[in-house]
Amino acid sequence: MEALHGESLLEEKYSWIATLVFKCASFIDDMEMRNRVVQIIDEVFLGRDSLSGTSRAVGLGIIINSIDKSSSALGWMMKLMQERAKLQDYLSGYIDARSKLRRSKAGTEEALTADADAMECLEALNKLIGMAESHHELLEKLHSARDNHIFKILATISNSNHSMAARTRALEELPKRTKSLGESTTIWIN
């Protein structure tokens, strides 16, 4: 009984943290700040590298429960999660379109459509991550990369059916594989 009371006091004492962190996500104009908030959520709150998917889901449930429902933090958290889902969708769409392009005969209508679809997904990703201007040259460089392992890594990252460990390894491997595309591409993709 006393242990439960102590846990309740700790929960009460630290429950404001999640609300404050998600309020920080409201700095829409500062993408660097938002990226840091997401990093804190992934690495500190949800233990990206140290917890199983089930533990992360339970942790997210606890965080949602501890957020002050009268503040804007819950709305910002939901918006962040929706943006991450969109990022995964666009990345999956890009991988699918690029795969279709590789299967198509060069110069055919199917190939041109797949190429346009792939670039459209990359442009949407670029816009969603908050890049002020279009990085068309950078996106073209990524799209035309010959290292197919890059795209296998991206496919692993975008597929929620892969284990957290596999996705973490892919995230660690990606900067090494994109180094050959130049520093600006490596920075954009990470």
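Me: What pLDDT does the protein average, and how many of the residues score at least 70?
Reply: The protein averages a pLDDT of 77, and 85% of the residues score at least 70, where pLDDT is the predictor's confidence in each residue, from 0 to 100. This is a predicted model, in which local features need pLDDT of at least 70 and side-chain atom pairs count only at pLDDT 80 or more, while totals for chains, interfaces and linings use all residues. Residues are numbered from 1 along each chain as its sequence is written, and side-chain values use heavy atoms, with hydrogens and water left out.

Me: Where is confidence lowest, and where is it highest?
Reply: Confidence is lowest in helix α1 (residues 2-14), at a mean of 62, and highest in helix α6 (residues 109-128), at 87. Where pLDDT is low, the predicted coordinates should not be read in detail.

Me: How many helices and strands does the protein have?
Reply: The protein has ten helices and zero strands, with helices (H or I, at least four residues) and strands (E, at least two) taken as DSSP runs and numbered from the N terminus.

Me: Why is L91 called buried?
Reply: Buried means under 20% relative accessible area, exposed over 50%, and partly exposed in between, using a 1.4 Å probe and protein chains only. L91 has a relative accessible area of 13% and is therefore buried; this residue is found in helix α5.

Me: Why is α2 called oblique to α5?
Reply: Helix α2 (residues 16-24) and helix α5 (residues 73-103) pack at an angle of about 60°, with their axes 8 Å apart. That angle makes α2 oblique to α5, because angles under 35 degrees count as roughly parallel, over 145 as roughly antiparallel, 65 to 115 as roughly perpendicular and the rest as oblique. Axes are lines fitted to C-alpha atoms, for helices over the stretch in contact, and angles run from 0 to 180 degrees between N-to-C directions.

Me: What makes α5 and α6 roughly antiparallel or roughly parallel to each other?
Reply: The axes of α5 and α6 come within 8 Å and cross at roughly 160°, and α5 and α6 are therefore roughly antiparallel to each other.
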